[in-house]
Amino acid sequence: MPSKAKTGKKLVIVESPAKSKTIAKYLGEGFIVEASIGHIRDLPQPSELPAELKKTSVGKFAVDIEHDFKPYYVVSADKKKKVTELKAALKDADELYLATDGDREGEAIAWHLLEVLKPKVPVYRMTFGEITKEAIQRAMGNLRDVDSALVDAQETRRVLDRLYGYEISPVLWRKVARGLSAGRVQSVVTRMVVDRERERMAFKAASYWDLTGQFGADAGSFKAKLANVDGAKVASGRDFNDDGVLTSKNVAHLNEELATSLAAGLQNAEFRVRSVDTKPYTRRPAAPFTTSTLQQEAGRKLRFSSKSTMQVAQRLYENGYITYMRTDSSALSDEAVTAARRQASELYGPEYIPQSPRVYTSKAANAQEAHEAIRPAGDSFRTPAQVAKQLSGDEFRLYELIWKRTVASQMGDAKGSTATIRLGAVASDGRDAEFSASGTVITFPGFLAAYEEGKDETRGDDDSDEARRLPNVAKGDALNASEIIAVGHETSPPPRYTEASLTAELEKKGIGRPSTYASTISTIQDRGYVRKQGSALVPSWIAFSVIRLLEQHFSDYVDYEFTADMEGDLDKIANGQAVGAAWLKHFYYGEDADPGLLSIVNNLGEIDAREINSVPIADGITLRVGKFGPYLESSVPTVDAKTGEVVESARANVPDDLAPDELTAAKAIELMETAAPEERVLGADPHTGHTVVAKNGRYGAYVTEVIPEMTEEQIANQPVEYYKNGKPKPPKKPVKAKPRTGSLFASMTVESVTLDEALQLMSLPRALGEDAEGNLITVQNGRFGPYLKKGTDSRSIGSEEEIFTITLEQALEIYSQPKQRGARAAVPPLAEFGPDPVSEKNIVVKEGRFGPYITDGITNITVPRATSLEELTREQAVELLAEKRAKGPVKRTATRKAPAKKKAPAKK
């Protein structure tokens, strides 16, 4: 067979179309750049396996658990066309370059391409940390083979996550609620948020007081705070534990009486300066961004979610503006150091750069140093002004943040001095009071001229030195005192995690990979385990149930150290120091005294679902996590104040927006006392004899009939059916009849609705009659109000009460009018947030068919279920629109009819 003629073409495959366009500009003639658009194949759902595999060792997970945990991969349905296109392009190529990202996921994509395309031409693995001409040229000079150890690590993680999720999630379905999921990292992250809420729930506040005063000298006035009384340090928030107990010794704990009397006794006291202490101040710049620190800082300064940060960073990388955005390294290349120092010198002056370049190393647990830090792309950086017209609003803000941080990281220390003045006097009651004031003055800004790192919320007093200049005073100088007042404080509970602080804690503990933090935090919100309240992350009650079950029965798998160690083991596999199949065997089957996951799942024993889903709140009041959400239940019989009936186990719904730490014993009692009756018997339907009740449901009040179930005797007395062989069939289980129901009108309540009204509501829809063409017209109540219906033609009517009074003639009159679309009075928006930074159109929130949505008139996005309108901020609205804009329009696939089958010719 003759060999294939040379074409001179070289096929380069990357992950994304945006990346392919940017690279194509730098490769020149002869190169064809195609995008795989992510992974081309993955593990299928077990239900999608071929029938012959479903009963084998592959059937449970789509992984062969008896033969080295070999995965069964399939090309994704939506990637079959792409694979065909890549194979066609490969036929005309003399060489194949796999240029996917250089991390584990990118390496795995390259390996899958190799396995599926089966190239018969030379194959080269090409990686680069930025998409610039210089970087591409350097990458062409450093070609290599696919790294099998990195592929093994990625495949091990994929199989590990499948084993974990598929074994543990069904336990949650049986004992908590259907549809829940467990995940190797997501469950641990959820536990961290739940643990923080538990700390807040157990927290007991302590009260303490201190004094502040305004003091003046010839050189000026300043504010100072009480530091010591009779030589003992005044107690502050840091001196109490979370039980509200004073733990520090030899401190003066002032209450309101002591503080106010001291303030009164100092009104006419003679204050003098007791000491002046001045120390040099030095502050170093923060290291260049890693994935984790970029997410944290973008959250603090730009109010971006972790997910939004990574989406914007991905676009900046693919279009050649920044280096690769998934990295644990804070190191800069020699070219980047030179570029940063040169730019700092040009913009701020040569005195702003230190004599020697700064060198940074990662401090995070399990850090991987495979990539460079996130920085502006190129051997010379473009300033924000130079790229402003080429980037969208969010892209520009993130690029500017990265540019500032990178340049600042190679600038000099900020320098100055911190002065502390101690001053005091003796009160009229003989107590000695000493006040303190500190101030930091920056004499050389250094890196602060370019950038200052943000901070997360912390506990305790704000004792940070203000950037203020204190007056020039000396020991013994007299001071004039004014406005000496007593100030009361309470200790604060641990602050809830924000996305930024949670990311920092995950990195500190070595849990998961920074490249997955954004998707993990997004997942626990999408699954309903966590919601945002402002920027704080608040766990749901169902998250409490899930974590409680996992802690009691799968303790290792939500243990912080165990999870971090697993991450370390995956790193060893990536470095070629361990083999994935052997590690998975130990994880799943266990070894010696170390039980594996399979053994734990098979020996769970009895799990008390009611106990798992119960949280004691107050004496006799327990929170239950039920099928339709959380509710309170009283174990003490109570008397209904309105009806006088004794209720054995009264219940009350828990508001969706009430955070777990806000459900105190007092709040629980209030909810129980103000709860509407859960159910009220209205009487019997005179036609059916069925009992009619009014209920308060999760989605509003309604009425329904109670259909009694058939007794065993009635079931046994049903007509007997027989098999063909003459033997009688067992009695059929009766099909449960669906009860009639009806939502209460807005003017009705469970307490006030009558039996007659209930029967009317359950009779809906109400038939009015037929029009001249014989079309039936009905009237009914719907989500958007009462309406008439004739076939597919619906018309709104005025009020709910008209449902039972409107006549056929009135309905025909309404239908005789042309249907008005959009003719209703304009409804004012639910909220307004000003102009969008990208479209420059006004952002508003409107009520839509499927709930409230955000729009700028061009792009629409539904308000997330976990976010209430009251909590929605402008930053969140801008961010959500940006995310939707980045995804582009939804592609709708047209449904085609299959061609008619040709009839087979008739047999002769």
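1. Contacts along the chain. Among contacts in the protein chain between residues at least 6 apart in sequence, 68% join residues at least 24 apart. Contact here means heavy atoms within 4.5 Å.

2. What kind of model this is. This is a predicted model, in which local features need pLDDT of at least 70, side-chain atom pairs count only at pLDDT 80 or more, and totals for chains, interfaces and linings use all residues. Residues are numbered from 1 along each chain as its sequence is written, and side-chain values use heavy atoms, with hydrogens and water left out.

3. Confidence. pLDDT is the predictor's confidence in each residue, from 0 to 100. The mean pLDDT of the protein chain is 87. In the chain, 90% of the residues reach 70 or more. Residues 365-369 have pLDDT below 50, and this stretch has 22 contacts in the model beyond near neighbours in sequence. Residues 892-908 also need care. Their pLDDT stays under 50.

4. Overall size and surface. The C-alpha trace of the protein chain spans about 110 × 100 × 75 Å along its principal axes. The chain has 908 residues, and 45% of them are buried. Buried means under 20% relative accessible area, exposed means over 50%, and partly exposed lies in between (1.4 Å probe, protein chains only).

5. Helices and strands. The protein chain holds 25 helices and 38 strands. These are DSSP runs, numbered from the N terminus: helices are H or I with at least four residues, strands are E with at least two.

6. A sheet of four strands. Strands β27, β28, β29 and β30 form an open sheet in that order, and the pairing is antiparallel. Two strands pair if DSSP finds at least two bridges between them. Axes are lines fitted to C-alpha atoms, for helices over the stretch in contact, and angles run from 0 to 180 degrees between N-to-C directions. Look also at β29 (residues 700-706): three bridges join β29 to β30. Val703 has Gly742 of β30 as its bridge partner.

7. Another open sheet. Here the order is β21-β22-β23-β26, with antiparallel pairing. β21 (614-618) and β26 (651-653) are the edge strands, and each pairs on one side only. Neighbouring strands of this sheet are turned by 30 degrees against each other on average, direction ignored. Six bridges link β22 (residues 621-626) with β23 (residues 629-634). Arg624 has Tyr631 in β23 as its bridge partner. Helix α16 (residues 541-553) lies across β21, β22 and β23 and runs at about 85 degrees to β22.

8. A hairpin. Strands β35 (residues 831-835) and β36 (residues 842-848) run antiparallel and are joined by four bridges. Gly834 stands opposite Ile843 in β36. Six residues lie between the strands of this hairpin, where Glu840 takes a positive phi near 65 degrees.

9. Positive phi in two other residues. Ala62 is not a glycine, yet its phi is positive, about 65 degrees. Ala62 lies in the loop between α2 (51-54) and β4 (63-64). Glu483 has a positive phi near 55 degrees and is also a residue other than glycine. Glu483 lies in strand β16 (residues 478-490). Is each residue buried or exposed? Ala62 counts as buried because its relative accessibility is 0%. Glu483 counts as exposed because its value is 60%.

10. Two local details. A cis peptide bond joins Leu764 and Pro765, with omega about 5 degrees. Pro765 sits in the loop between α23 (755-762) and β31 (766-770). Thr293 belongs to helix α9 (residues 291-301). A polar atom of the Thr293 side chain lies 2.8 Å from the backbone nitrogen of Thr290. Leaving aside neighbours within four places in sequence, Thr293 is in contact with Pro288 and Arg405.

Notes
A polar contact is a pair of N or O atoms within 3.5 Å; within protein, one must be able to donate a hydrogen and the other to accept it, and residues adjacent in sequence count only if both atoms are side-chain atoms.
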